[in-house]
Amino acid sequence: MDALDSEIIDVLRANGRASFSELGRLIGLSTNATAARVRRLEQSGVILGYRAILGSEAPIVEDGLEAFIDVRLDPSRNSEAFLEWTRRIPEIRDAVHVTGAYDYLVHIRVPGTAALDRLLRSMKNDGGATHTQTRLALR
């Protein structure tokens, strides 16, 4: 992945419906070259898909708490099942597999402490987490 691919991803994150010609104009490539790059990003798994996010499902952006949760999974729990679970939770922005004492680092945004408590309980009851450690972002 190079700088142009990063620019493509930035534009598509802001507007997943951008046409190849609009995208190409914004990043300085022809329509065909842009289309080829997008298809390569899709085929290589960098771009997994596009979706509509309803206003009622969007994470709170301006207010609330941003946090990072270290997650240790139950050894009998399948990592792919945990990732599938995280994709269904709109407050979860990202979940990455990490080395060390924990299995995943999960980036979240919630309206407040009550929502954080519900998410942590669900992570343990439904997501398969056995241990978590939460760190709040201060800025």
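**Entry 1: strand partners**

I began at D70, which stands opposite Q133 in β4. This is a predicted model, in which I read local features only at pLDDT of at least 70 and side-chain atom pairs only at pLDDT 80 or more, while totals for chains, interfaces and linings use all residues. Residues are numbered from 1 along each chain as its sequence is written, and side-chain values use heavy atoms, with hydrogens and water left out.

I then looked up A67 and found that its bridge partner in β4 is L136. Strand β1 (residues 65-73) pairs with β4 over 7 bridges in the antiparallel sense (pairing needs at least two DSSP bridges between the strands). For F68 I noted H107 in β3 as the bridge partner. β1 and β3 also run antiparallel, joined by 7 bridges.

**Entry 2: the hairpin**

I followed β3 to its pairing with β2, which is antiparallel and has 5 bridges. Here H97 stands opposite Y104 in β3. The two strands β2 and β3 make a hairpin, and 6 residues lie between them. In the turn I picked out G100, which has a positive phi of about 110 degrees.

I put the strands in order and got β2-β3-β1-β4, an open sheet of 4 strands with antiparallel pairing. β2 and β4 are the edge strands and have a single partner strand each, so one side of each has no neighbour in the sheet.

Which helix lies across β1, β2, β3 and β4? I found that α5 (residues 113-125) does, and that α5 runs at about 155 degrees to β4 (contact means heavy atoms within 4.5 Å).

**Entry 3: the chain**

I counted 5 helices and 4 strands in the chain (DSSP runs numbered from the N terminus: helices are H or I of at least four residues, strands E of at least two). Along the sequence I read α-α-α-β-α-β-β-α-β. Taken along the principal axes, the box filled by the C-alpha atoms is roughly 50 × 35 × 25 Å.

For confidence I noted an average pLDDT of 91, with 96% of the residues scoring at least 70 (pLDDT is the predictor's confidence in each residue, from 0 to 100). Among the elements, α1 has the lowest mean, 89, and strand β4 (residues 129-136) has the highest, 97.

**Entry 4: the largest pocket**

I looked up the lining of the largest pocket and found 24 residues, with R13, G49, R51, I53 and R93 nearest the centre (a pocket is an open set of points on a 1 Å grid where a 1.4 Å probe fits, with protein on both sides within 12 Å along at least five of seven lines; lining residues have an atom within 4 Å of a point). Two or more lining residues come from each of α1 (3-14), α4 (79-87) and β2 (92-97). β2 gives the largest share, 4 residues.

Methods. Axes are lines fitted to C-alpha atoms, for helices over the stretch in contact, and angles run from 0 to 180 degrees between N-to-C directions.
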